[in-house]
Amino acid sequence: MNDSRLFIKCKAIEIQNDIISQTNGSTTKKSAKSLKIKKQCMKRIVANVTMGNNEMINISPFVFQFYELDDLELKGMCCYYFSTYCHLFPEKYLANKDLFINDLRSTSSVIRSLAMKTICYFPIEEFQKDITVPYMRKLLSDPDSYVRKTTVFGIGKVFELNPSLIEESRLIEKLNSLLHDPSASVVSATVAVLDYIIETSPEMKLSIDEENVSSLVSLLPKASEFSQAYLLNAILSYVPQSNQESIDLISDLLPYLQHANIAVAINALKVIIYLSNYVKAPQDSISVLPQRLGNSLVSLLAKSPEIQFLVLRNVILLLLSKPNLIKLDVTMFFCQYHDPIYVKDTKLEIIYLLANYNNLEIVLRELEEYGTEADIQMSRKSIRAIGNLAIKLEDGAEKCTDVLVNLACSGIPFIIQETVIVMKNIYRKYPDKVDEHTIKIFVENSDAIEDAESKASFMWIIGTYCYLIPESLEVLKDFSHSFKDEPLDVQLTTLTTVIKFYLRCPTQGESLLLDILKVCTENLSDPDLRDRAYFYWKILSSQKKFPNAAQDIVLTELPIINSDQDKLDSSILEELELNIGTLASIYLKPVKSVFRLSRTRKLTDSPALQVEYNKSIKSSNLKDDMEDVQTKVLKIDIKSSIGTITSPKLSDNDSYERDPADGVLDRQTPQQRFTLLRKKSKDMLSRPSVSSRDVEKKEDTFDEYGLPQNSKTPNLGDKLKRRMTFTRKKSTMSLKNQARNFTS
Amino acid sequence: MIEICQRYQQLVLIAHGNTVMITAFFIFNRKGDILISKLFRDNIRHNIAEVFRIQVISSNEIRSPILTLGSTTFLHIKSNGLWFVAVARSNQDASIIFEFLNKFRQLLETSLCGHRKNSANSSDGSRVNDVAKNVSHYINAVSTSDGHLCEDDITNNFTVVYELLDQAIEFGYPQNMEFGVLQRFLSTPVYGSSNSGSSLISKVTSPNLLRSPDLNRHNTAATSEDLQFVGDVGWRRPGIKYRKNEIFLWVNEEINVLMNANGTVLQSYVNGNIQMKTKLTGMPVCRFGLNDSLIMNETKSGNPLEHYDVPNTAAIPKAASDKVVLEDCKFHQCVELDKFDSDRLIHFVPPDDEFELMKYRCTENINLPFLISPQIQESGKTLFNFNISMKSLFPPKLFATNVVIKIPVPPGSIKANLESTGGKARFSTEECAVIWKLNKVTGQDQLVLQGSVDIVPGSVTKTTQSDTTLSPTLNDFKSPILSQNALGWSRPPILVSFNLDMFSASGLVVRYLKVQEKSNYTTMKFIKYITQAGTYEIRY
């Protein structure tokens, strides 16, 4: 009875013949033996359908006959067949509609719901109007909650196929009434389907008031785990009007952080973070909150690597947006030897974010261990992390530099290369803390420096600090031998370095300078390089007219870099907070840039909304709400009982009940609102934005982790990676701009 | 007909935008063949499955578990050569989808391979230790004999899988997947895999249905009264009956330690879970008590043993403390979470048969069972000497079983001379390690392994650079970590695995377990504490 042998593709005719021959032509007999044969044949059909053998379409008459027989197992398989091929022969379904109607009226709940599930897949308009919709209405009031639940999901399915039909037949109102159903599974199904409907019809919106939210919360203990997740998600549509409300709701939801099911735990976390936006200083008003949230997140790390990855990405998000609200211990994020690479990467990011003066020692020791790992990528990333820490923590820079020097002394090539790049960043931040010993190490190991970025960094260091390095000239000569074969970046930097060296030591550097300039202008074809060489030549030759020009341009101090690039735009953070646990939170990019068809979410205004956190966003909310005023007329006007889909209320602050204890929201005069608005729009203009049209045009290129690489928005994903790959492009860019300014 | 079908496919793909949570679900085998496919939207089957096969299964590098192309995301988990894939369009809740994938895999394991696990267990209900699992994790062995899901299980029972899938996801939204509940919807029998002789293993039906004579004959669930009214299925059906009421409790702890070369503990924590197997009649309410520090603070501290309601003192594990700080606990859905939050009481109506009651984590006051002190000497580049001394810190009455210590050696090692005061040590070339196995280690004992390994010179990896190129002046700057790395080989840590019974690494003790049901029966309770090594790493 080995079913795996049924997984062979075959033609429909063969199965047909089998059926006829084995049952002696009487396919309607119900004896046990013929039933068994029919089941076997049906299994073959199902196996073929799984393998994608579309030839099975031809056997449909037999499948209808099998469906008529009163066997649950057989019916199940027939339904699988129907749902896969339903769009292909609509007439047959209409012809056989009595079969389905009988089942919809059956006394067994299981059969009723199976039939309902199946007919919802049929895209035939006539069928839907005559049969599907009327029976849906009937079964929505079925005494068995299981059938009601299935029907609710069926409405969703039919909505996908034919949205106007659902709206016309007023089934959405019926859905609204089911929000008050006594059974938790039905309510969660309704909430899920309503959420889906809203996603596809942007003019509809779910609004929940206080009474409803308390009924949702009371349903939570009775619901099964995934239903709890859907219910929690629905609470996001509730806008608390006062501090106390939010605090109470948060306390009600805290227990759910301890659910074994991560969907429940993460959704609970999402709702709590959302509600904390409406609480003044949440880490103080609910003092256990940071510890609880932190503990909950860390326990989730004990699960499979995929879930760890999801949790870790969300930890990064939370550390960037609400660092005071999460208490985490950096030692829990140390990498273990067997973690997959994507987990290790993310843990490194988190270690960087969590490092501070108190735990710097431990962190540096750990990063040093990673630096000596056999895996080159991991090692390089940890060295970059050390470098970035030196830039982030000014008092700890000495210790970080010591560690880097230790690593560099090992003599291992890729470590040296990475350390050069990182030291260059450190010197950009602390230009007066240059140490000759360190540079000496690099000089002595200069043959290990092979890849483009490290060569360019090394050149920059030599150029800027050539007065400290006696061997500069030899090093430069070495590098200039291979000048022609180097990539463009290296060539540009070498050129600049040679100029710098010449300016500091004219006699020694002259011959080298002339060589290089000659090569650049005559033998190489890149226009940038040639231009720059000519430009330098011009400056140097006009030193009589402009005696200090060269010094001013070439040897100026560069601006000090800092680590503020990790700060993400607050509106992006707000949106991502409302999407904790979703795919967008893994990519850490604004939802529309990755999923262009998604609806964006943002915080709704209310008297309890914390202004200090969200000053700039508030003004953008106001702007959108003003748009809403104009479009309100066009919205679907559904009877507005609480908890149903209604058009959004105007965010007129006067209409809300003010909690006198809230000193939070200052009344803003219209002038104040407008100035905020203008400032915000200016900021918006200066920052590049992505429209959906742009997104469609771009090709999808992805790096090795499946993360898309081509978004134009300044987003966290790129920033984090870019921070790890900080280049010296800035330095050359500034020179270039300065040069351009000079010539023009 | 087929041509029309394909053209329609393309049209449908472009026309529709957003869809439901999970658009499609597939199970692939190792080669990329589809074993199970279910679409919750029409006609995107071949495109999507092909895309996944090409992009993910055929490519060799380590990937992330998600892959987004355009607006479509593939989320997958891999288990024992099987790929469980969910396809989602647009921004969906990844936590729900991953939890669904894991739970569905567990569901399939319980329903299709449960018999294998049961036969591996001994009769008193004790658990086969999973130390083999730990070690095999390092060896990369894939075995089908230990209750893990394999391809044959799925192909032999694909109709069962489809039935389960039908109940598990509705309209793309995952639903309740407790096996005890879904059992009643199954009308098909379950077959074993070809390894165990492809015989009919069980008719997977609930105990109730078994007793009803009609069903055994017709095997149709449709006529059962049980299924006339399904109701709000939770995690336990009413009307379960057993002659003997028993509860088995396992406290499994995994101790994770990270020690550095000096013997200081960098990181230590215990991940524990409590598994229960209940054979109880009716709808009992269980109350469960631990020596949780937040409760213990309220009761008077005296002789700690007084607090334990356990009549048999042998049931109290060694290294039990009077209170233990649980950093975080995660509970099964049957536990009333609000009661736990307010009063730290664990009340629940258990599902039938086996389930995991709670998971917890403990970082303070961990009792370390072993202390490993490695001493390494590298003479030149051809010899690697080591002296590993292992001391067991637990009480002498206990003994640890299946102790395996894996000491990585440099690549290119060919021969090893090993001497140990206990157990057997052998050198394994495939894993580049010396593996020291001890069947039984008693407490308060010390054992030593001494050995040396010959290395083929110059066969170390490309990340090396020998000492001689460094100029002598730089020796002053060498850090202690790197100076040992004369071979330029980065040392993976020493890994230890073991199994220790009746020892509580965190100090957790089950204080009481009370069962209340209206017919007031007495219950037999069996409890076992097992400590295993999680990631027990010692750097050197």
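**A buried helix, a strand trio and a helix pair**

Helix 4 (72-85), helix 6 (97-104), helix 8 (125-139) and helix 9 (145-161) of chain A are included in what covers the buried residues of helix 7 of chain A. Helices here are DSSP runs of H or I with at least four residues, strands are E runs of at least two, and both are numbered from the N terminus. This is a predicted model, in which local features need pLDDT of at least 70 and side-chain atom pairs count only at pLDDT 80 or more, while totals for chains, interfaces and linings use all residues. Residues are numbered from 1 along each chain as its sequence is written, and chains are lettered from A and ligands numbered from 1 in the order in which they are written.

Helix 7 itself spans residues 109-119 of chain A, and 10 of its 11 residues are buried, so the rest of the structure largely encloses it. A residue is buried if 20 or more other C-beta atoms, placed from the backbone, lie within 10 Å of its own, exposed if 12 or fewer do, and partly exposed in between. Among the buried ones are A:Val110, A:Ile111, A:Arg112, A:Leu114 and A:Met116. A:Asn17, by contrast, sits in helix 1 (residues 12-22) of chain A and counts as exposed because it has 11 C-beta neighbours inside 10 Å. Its C-alpha atom lies 88 Å from that of A:Ile499, 482 residues apart along the chain.

Over in chain B, strand 21 (residues 433-442) runs antiparallel to strand 18 (residues 399-408), joined by nine bridges; strands pair if DSSP finds at least two bridges between them. B:Phe399 faces B:Thr442 in strand 21 of chain B. Strand 20 (residues 424-428) of chain B is also antiparallel to strand 21, with five bridges, and here B:Lys424 stands opposite B:Lys437. Four residues lie between the strands of the hairpin of strands 20 and 21 of chain B, where B:Cys432 takes a positive phi near 55°.

Back in chain A, the axes (lines fitted to C-alpha atoms over the stretch in contact, with angles from 0 to 180 degrees between N-to-C directions) of helix 19 (residues 305-321) and helix 20 (residues 341-354) come within 9 Å and cross at roughly 25°. Helix 19 and helix 20 of chain A are therefore roughly parallel, the label for angles under 35 degrees. Residues of the contact (C-beta atoms, placed from the backbone, within 7 Å) include A:Phe309 and A:Leu312 of helix 19 and A:Val343 and A:Ile350 of helix 20.

Technical notes:
Two residues are in contact if their C-beta atoms, placed from the backbone, lie within 7 Å. Angles under 35 degrees count as roughly parallel, over 145 as roughly antiparallel, 65 to 115 as roughly perpendicular and the rest as oblique.
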